[in-house]
Amino acid sequence: MKDYSVVYFKAIERGFSIPSTLCEFSIAGIEFSIKLYGLLIAIGYLVALVTATKLAKRKGIDVDKLYDAIIFGTLGGIIGARAYYVLFNLGYYLENPSHILKITEGGLAIYGGIIGALFVGFIVCKIRKISVLDVFDLAAVGFLAGQGIGRWGNFTNQEAFGVNTNLPWGMKSETVREYILFNQSYFQSKGITMDPDGFVHPTFLYESIWCILGFILFAIMFDKYRKFKGQIALTYGVWYGIERTVVEGLRIDSLYIANTNIRVSQVLSAVLLVCCLIGLIVGFVRTRKNETKTVAETPEYIEEKSDETEENENIEEC
């Protein structure tokens, strides 16, 4: 049996049946199901992999070594995403330790995934002797593809939405209503007032659009406009940091710092934004200085300066 959510949008009268399960089948008496969430993540991963491969080949980056970093980085990302989520829900998982490894129940945090992927990827790059910054730049492009496409899995599951809104694209469904009712007291403890029958911000959509746009821009930037290694990774931090700082403030399923009303991802996004912006400025300044120094050391420039000096000396003699 397929699971459906009937989703309504404020500006559209009719509802849309959105399945969360694509199909179900059995092999040797064992039941299997293909979830749209997983399929969308797989598609995003494939798009990221194909794009990274093409960009790497154009820039002469060893693809075999790159794949090693990607494969092990992916494993690190999965572990990091789960560890991050468990860490900021530690009270629940200390009481229910058997649920820590049950990732099929949900609970993968994107920032934990990024941290885990970069950490493991860094180690693999050092072992395989491939440029860390080249791989991080390619990873930034890939992250945006995966996030942009994978976020639609949140739509099929009717999750990762925001506070109430009257905007035309506001959405609602029975799944959203049940979630709000079940967590109403928790929202109130965080100072959030929710109408379970009202429309909500489709925050997954905001992030998806932002990430897909970034994916296109960054792929072009890496191919034609990269001035220094690490530029794309730093730009990713600024680009994603801006979006997440804003959109995280609209979400109602945020992870919080201890017993405060401070959203973990919002703080981390703001810090990431500032740090990467500083890194970009430093990178461009250094690149500019190196370009100026390189020009000054060319034979043409030295000869030109020599001619100018000789000309000035002749003028002084006159």
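Select helix α9, residues 203-225: three residues of the lining of the largest cavity come from this helix, the largest share. Helices here are DSSP runs of H or I with at least four residues, strands are E runs of at least two, and both are numbered from the N terminus. This is a predicted model: local features need pLDDT of at least 70, side-chain atom pairs count only at pLDDT 80 or more, and totals for chains, interfaces and linings use all residues. Residues are numbered from 1 along each chain as its sequence is written, and side-chain values use heavy atoms, with hydrogens and water left out.

**The cavity**

Now select R151, A160, T203, F204, E207, V247 and R251, which line the largest cavity. By class the lining has three nonpolar, one polar and three charged residues. Ala, Val, Leu, Ile, Met, Phe, Trp, Tyr, Cys and Pro count as nonpolar; Asp, Glu, Lys and Arg count as charged; the others, Gly among them, count as polar. The space inside is about 30 Å³. A search of the whole structure finds one cavity of 30 Å³ or more.

On a 1 Å grid over the protein atoms alone, a cavity is a set of points where a 1.4 Å probe fits but cannot get out; a pocket is an open set with protein on both sides within 12 Å along at least five of seven lines; lining residues have an atom within 4 Å of a point. Grid points are joined across faces, edges and corners, and a volume is the space filled by probe spheres set on the points.

**The second largest pocket**

Select I114, L118, A233, L272 and C276. Of the 20 residues that line the second largest pocket, these are the closest to its centre. The pocket holds about 430 Å³ of space. The lining has 17 nonpolar, two polar and one charged residues.

**Two helices in contact**

Which residues of α2 meet α4? Among them are F72, G73, G76, G77 and G80. On the α4 side, the contact includes G112, G113, G116 and G121. Contact means heavy atoms within 4.5 Å. By class, the contact has nine nonpolar, eight polar and three charged residues.

**The sheet**

Select β1 (residues 4-9) and β2 (residues 15-19), an antiparallel pair with five bridges. Two strands pair if DSSP finds at least two bridges between them. Y4 has P19 in β2 as its bridge partner. Five residues separate the strands of this hairpin. The three strands form an open sheet in the order β2-β1-β5. β2 and β5 stand at the edges, each with a single partner strand, so one side of each lacks a neighbour in the sheet.

Finish with β3 (residues 21-27) and β4 (residues 30-35), antiparallel over six bridges. E24 has S33 as its bridge partner in β4. Two residues lie between the strands, and A28 takes a positive phi near 55°.
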